[in-house]
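Take a look at the protein below.

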Amino acid sequence: MRNWIRAILVPLSTLAILLLAACGQQTVGSATSPPTLTPANQWPDNRFTQSIPKPSSGTVTAVSEGNSAGYQIFAVYLDDIGEAEVDAYLQAVQEAGFQSVHDTLGIATENAVALGELFYNGEVSLSVAASGSSLSLAISLPE
């Protein structure tokens, strides 16, 4: 079951961040590279992850990198994270100055089977996708 969830979450979270990045300023001739999924077992320390709160729980299982429409995209995939921890993470994201795109646009997200939330703080876009005990974080920065 967990592989089935990951098979859905990875493409969906990548698609969500690519769509969000495509809404930004277009750069003529900017290259697009598909995300490359790499197994991982610890929280990565880079300019992407330094721009968002680190989840207080969960096990990192993979990361991916790519770019599209003038944005660099880095994603972190975690397992073994509960619903309460996801809720706490969403609160930490908002406390760090990120604003929910769904809230801004008035899109209702309650009663969902899975969570898909987009955040923006003026420079960094963060896509958060959660289902079961898996969490995907896709971070987008301008190139």
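This is a predicted model: local features need pLDDT of at least 70, side-chain atom pairs count only at pLDDT 80 or more; totals for chains, interfaces and linings use all residues.

Residues are numbered from 1 along each chain as its sequence is written, and side-chain values use heavy atoms, with hydrogens and water left out.

Start with the fold elements. The protein has 3 helices and 7 strands. Helices (H or I, at least four residues) and strands (E, at least two) are DSSP runs, numbered from the N terminus. From that end, the order is α-β-β-β-α-β-α-β-β-β.

Next, the packing. The protein has 143 residues, and 42% of them count as buried. Buried means under 20% relative accessible area (1.4 Å probe, protein chains only). Take the contacts (heavy atoms within 4.5 Å) between residues at least 6 apart in sequence: 59% join residues at least 24 apart.

Now the rings. Rings of Phe, Tyr and Trp (its six-membered ring) pair if their centres lie within 6.5 Å, and planes under 30 degrees apart count as stacked. That rule gives 1 aromatic pair. The ring centres of Phe48 and Phe74 are 5.6 Å apart and their planes are at 20 degrees, so the pair is stacked. Phe48 lies in the loop between β1 (33-39) and β2 (59-68) and Phe74 in strand β3 (residues 71-79), so the pair ties together parts 26 residues apart in sequence. Both Phe48 and Phe74 are buried.

Terms used
Buried means under 20% relative accessible area, exposed over 50%, partly exposed in between (1.4 Å probe, protein chains only). Rings of Phe, Tyr and Trp (its six-membered ring) pair if their centres lie within 6.5 Å; planes under 30 degrees apart count as stacked, over 60 as edge-to-face and the rest as tilted.
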